[in-house]
Amino acid sequence: MVAREDIRIRSLSEIDIGDIVEIDEKIGGEYRPQVWERRIGYYLRRDPEVSVVAVEGDRVLGFMLGEVRSGEFGLEEPAGWVEVLGVDPDCQGRSIGRALGEAMLLRMKKRGAATVRTLVEEPMEDLGRFFVSLGFSPAPLVAYVREL
Amino acid sequence: MSMPTTTETSTLPKNFHDAVVRWKDTYLSDFDFLIENWDQHFPNEPQLELCAYREKGMCDRIECGEQVGDPKFLRAGDLDAKRGHQLLGAIRAQASTEFGSIQQHRLTLARAPDEQDQMWVLRMMAEELRHGYQMLHLLLDDDWSSVSELSSADMVEEILSMTTGSHVLGAFNIDFDSFVDNVVFCALIDRVGKYQLAMQKQSAYLPMAESMPQMLREEAFHLATGVVPMRKWVTQAAAGEVYVTLGSLQKAINKWLPRGLEMFGDERGGGTNVRLGLKPQKNREAQELYYKEVAKVVADLNMRYLRARLPDLSLAQAKKTLARIVEGGEVVGGIAPERLLRAPHAHFFRRRGEPAFEMVGVDGEEFTDVDEYSRHLSQHLPESYLASRDFRSFLELLRQVDVGDVAAAEASRQAPSLRRVGGTCPCSKSVRWVVEATAPAVI
């Protein structure tokens, strides 16, 4: 699938680990290779086609990880869950996140998901607007948390 | 893993399904252990099932070659002789590799130093069994009598009778010496599998194309089964641990990469498959993409090592430092270029294809003396492999090529392999050394 300019969207692969570690470090300032080795291993086991990366040439510019699963919160029907999104800060403003989101939604639909869900922390208004632009709307659901 | 809504599931006729289960009990006896402990190691992940999947709704028009746009073939009986022969060879080779890799992995699975790595490899082996099952399904779900004198049942029996040494492709006839082989094999040889499956996803024979999507999903994890432990090992090596060193990883890469490159077939070939619409890329084109991808894996491993050795470097500093070492040949922070990993030259240690029996070193240097080249190989290949029959055979053929007794192309064809010979008569099941009259099928 061809996205904006020469950017291509393809399924997540293990060769993306290094590039995703780098994007995460650029965004968060922390080098966390083990985190991404574990998480990417998880998504590759679960469903490598639903999780996507945006590439230009050989370089990964952004990634979106998620999966289709059943049984969450008593919801038996398969639902898509968008769990992680990252775009190289040097490449923001090129609609990469949107291309990733559109591709993932299509793939989740093919997987049998009738709905797609995600969670956005309240201060992250940009991220909330991003999902609204993809057709998401706030769900009547309140997350409860307790420190232990 | 949830299946697409358009996926059809089926099993082999009972007698063949049972035959695969018996094969599993012989060569993958840990299968039941995997299933019993699945939830502990892969919580909330759907358990593996021994069945065949066909994805419906795929492109039903030929996607490449001379008949592009025509309807894809639904039955083997509709294929012309040439196409049928090529396709059947590819299915049998693919089946052989799936079962063959399990026979290799089982040798050293128990030596895994880490439980997670071991369970990942075990799951990968079980999924390879399913891939083999998928290929047998292709053989049994259609009538191949117009293409082969062997019945489908005989072809299945032949495939299930193969053992390490008798498989169709060279990489599946080499014994593993340690768990490093399990992991590096996943990273390099399964990667060839990914390319082959991706190409076959466009096959003009629709049942073949429909078999590929689920295999490709599973193959993505198999590559991680190789790359993730390698990333961990280089990190441990950077910390001074001595269990799996960069040196031993490098030698394993040198052992397997040449065989991986050869799995694409002769660099000058592949045009027939493209013309017939069975694959979209010629051998050289696919092989070059593969080599480039391996180079990226190696570069990422070097970065992982460097950042573990020099943790105070920022990302930008680490990139510059790696470039100074790899491209500039400098020693930085005690890391010399020769300490880092590299993909050996694509012509290194080759026995098939365009550079077969050229004496090319790991860095592309050319040798003119066989003894000197032998010493070079011995320095760059795992010590345990040097004692193998496979390596001895290579050197003996190389000497014959060097003195002009045999042409390189002929030596490639003569490269002996342990093969099952004869038909399906029980008395012919023994495996012995044979020299083939023609080159083995390459997919």
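In this predicted model, strand E1 of chain A is joined to strand E2 (residues 52-56) of chain A by four bridges, and the two strands run antiparallel.

Chain A contains an open sheet of five strands, placed in the order E1-E2-E3-E4-E5, with mixed pairing. At its edges stand strand E1 (8-11) and strand E5 (115-117) of chain A, each of which pairs on one side only. Within this sheet, neighbouring strands are turned against each other by 30° on average, with direction ignored.

A helix lies against the sheet. H1(A) packs on the sheet and touches E3 and strand E4 (79-87) of chain A. The direction of H1(A) makes about 100° with that of E3(A).

The description may now turn to the second chain. The contact between the chains involves 24 residues of chain A and 22 residues of chain B. On the side of chain A that touches chain B, the elements giving two or more residues are helix H1 (17-28), helix H2 (33-46) and strand E3 (59-69) of chain A. The most is given by H2(A), with six residues. Sorted by class, the side of chain A that touches chain B comprises twelve charged, eight nonpolar and four polar residues.

Conventions
Residues numbered from 1 in each chain as written. Chains lettered and ligands numbered in written order. Predicted model: local features only at pLDDT ≥ 70, side-chain atom pairs only at ≥ 80, totals over all residues. Contact = placed C-beta atoms within 7 Å. Nonpolar A, V, L, I, M, F, W, Y, C, P; charged D, E, K, R; others polar. Pairing = 2+ DSSP bridges. Axes fitted to C-alpha atoms, helices over the stretch in contact; angles between N-to-C directions.
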